[in-house]
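Subject: Structure for you to look at

Hi,

Here is the structure I promised to pass on. Have a look at it first, and then read on for what turned up.

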Amino acid sequence: MEKETIYGQVVGKSNNYMIGNSGDSRHIIKNPQIREYESIFARQCKLYRDKRISGRFTLFVAVYQSSIRYDLDNSLKTVLDCLQMVNAITNDSQCFKIVAEKRLDKVNPRVVFSIEETEPRQTELFR
């Protein structure tokens, strides 16, 4: 299983959308911080870019945050969306398991991840 590292502070998506107006309609748009992180992710992602994993998969991820105030769960959605954006995965709905850790690194925030295609099976814990 190949590990990939993306450097930079992950921006959680839950609180980082804005409402935009276009004529008579309103729509939700990403704020500049999310767009910047997506750009950073896209430039750095090499190992998994264009793998187009289309079956069920497990995401193994360690999120090194610059501060304890950042939520792990918000980071996971951003990472999954970025993986879909770079065609590492075809659809984040195929993520059936996430093994995640939040770690602190004030100087060098980053995400270290790997993706493993998996067969559908139940975990003993949930049978």
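This is a predicted model: local features need pLDDT of at least 70, side-chain atom pairs count only at pLDDT 80 or more; totals for chains, interfaces and linings use all residues.

Now the overall layout. The protein chain has two helices and six strands, and from the N terminus on they run β-β-β-α-β-α-β-β. Of its 127 residues, 38% count as buried. If you take the contacts with a separation of 6 or more, 78% of them are between residues 24 or more positions apart.

On to the inside. In soluble globular proteins, nonpolar side chains tend to be buried together. Here the largest nonpolar core has 25 residues, and Phe 41, Leu 59, Leu 83, Phe 113 and Ile 115 have the most contacts inside it. Helix H1 (32–44), strand E4 (57–65), helix H2 (72–85) and strand E6 (110–117) each supply at least two residues of the core, with the largest share, five residues, coming from H2.

A search of the whole structure finds three aromatic pairs. In one of them, the rings of Phe 41 and Phe 113 have centres 6.0 Å apart and planes at 15°, so this pair counts as stacked. It ties together distant parts of the chain, since Phe 41 is in helix H1 and Phe 113 is in strand E6, 72 residues apart. Phe 41 has a relative accessible area of 0% and is therefore buried; Phe 113, at 1%, is buried too. Phe 113 also pairs with Tyr 48, but this pair is tilted, with 5.5 Å centre to centre and 40° between the planes. Tyr 48 belongs to the loop between H1 and E4, 65 residues from Phe 113 in strand E6. At 3% relative accessibility, Tyr 48 counts as buried. Ring pairs join Tyr 37, Phe 41, Tyr 48 and Phe 113 into a cluster.

A few words on H2. This helix has 14 residues and reaches 20 Å from its first C-alpha to its last, close to the 20 Å expected at 1.5 Å a residue. Its buried residues include Leu 76, Val 79, Leu 80 and Leu 83, along with Asn 74 and Asp 81. The buried residues of H2 pack against H1, E4, strand E5 (95–104) and E6. Just after the helix, Asn 87 takes a positive phi of about 65°.

One last stop is Arg 35, which is found in helix H1. Arg 35 counts as partly exposed, because its relative accessibility is 45%. Its C-alpha is 9.4 Å from that of Val 11, a residue 24 places away along the chain.

Best wishes

Technical notes:
Residues are numbered from 1 along each chain as its sequence is written. Side-chain values use heavy atoms; hydrogens and water are left out. A nonpolar core is a set of buried Ala, Val, Leu, Ile, Met, Phe, Trp, Tyr and Cys residues joined through side-chain atoms within 4.5 Å. Buried means under 20% relative accessible area, exposed over 50%, partly exposed in between (1.4 Å probe, protein chains only). Helices (H or I, at least four residues) and strands (E, at least two) are DSSP runs, numbered from the N terminus. Rings of Phe, Tyr and Trp (its six-membered ring) pair if their centres lie within 6.5 Å; planes under 30 degrees apart count as stacked, over 60 as edge-to-face and the rest as tilted. The expected span of a helix is 1.5 Å times one less than its number of residues. Contact means heavy atoms within 4.5 Å.
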